[in-house]
Amino acid sequence: MFEHRLVAAVAAPGVVDVSASWTAPLPGSLVRQLDAGDRDGFTKGMRTAERLPDIRRTLEFRARPSGIRDRFDLYRAVREYRLDQAQAAAIRTPLLLTDPEGEQFWPSQSARLAGMLPGAEVVRFTAAEGASGHCEPMARLLVEQQVFD
């Protein structure tokens, strides 16, 4: 489960719970149905939400890599992408975690991951540097300099 041959790795950004970015926009009732295993209720609610073309397109785009078309199964699968303390304790590879200001998908998760991994180095990127936002798109040279250094 854990690769032990790597000399070092970069998590850009550090993520503890992938599903957070998927479930954050959902109404609480849908999250409760998902967590309770209420396939019918969740599916009905998602069908209603997907009447809006932007929501449907976003979900189709995000689901494509998984190959999972059923929304309930998709969200349940994404819920599995969480790192707990026991799993984190098994990570031996030195990590560099990027932490951009204004991270839109996983805000504060780099710091959370760093707290689970003593010795992980966190590099904060800021708007003042032109390096804010997910994957720091406007300051790739700065990011690459930090990562490769």
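Which residues of S2 are buried on one side and which on the other? I looked this up before anything else. Leu95, Leu97 and Asp99 are buried on one side of S2, and Leu96, Thr98 and Pro100 are buried on the other. I took buried as under 20% relative accessible area, exposed as over 50% and partly exposed as in between, with a 1.4 Å probe and protein chains only.

Basis of the entries. I worked on a predicted model in which local features need pLDDT of at least 70, side-chain atom pairs count only at pLDDT 80 or more, and totals for chains, interfaces and linings use all residues. Residues are numbered from 1 along each chain as its sequence is written, and side-chain values use heavy atoms, with hydrogens and water left out.

Strands. Helices (H or I, at least four residues) and strands (E, at least two) are DSSP runs, numbered from the N terminus. I noted that six of the six residues of S2 (residues 95-100) are buried, so this strand is largely enclosed by the rest of the structure. Two strands pair if DSSP finds at least two bridges between them. S1 (residues 9-11) pairs with S2 in the parallel sense over three bridges, and Val10 has Leu96 as its bridge partner in S2. S2 also pairs in the parallel sense with S3 (residues 121-125), over five bridges; there Leu97 stands opposite Val122.

Aromatic pairs. Rings of Phe, Tyr and Trp (its six-membered ring) pair if their centres lie within 6.5 Å; planes under 30 degrees apart count as stacked, over 60 as edge-to-face and the rest as tilted. I found four aromatic pairs in the structure. Phe42 and Phe72 are edge-to-face, at 5.9 Å centre to centre and 70 degrees between the planes. Phe42 lies in H3 and Phe72 in H5, so the pair ties together parts that are 30 residues apart in sequence. Phe42 is buried at a relative accessible area of 0%, and Phe72 counts as buried at 6%. I also recorded that ring pairs link Trp22, Phe42, Phe72 and Tyr75 into a cluster.
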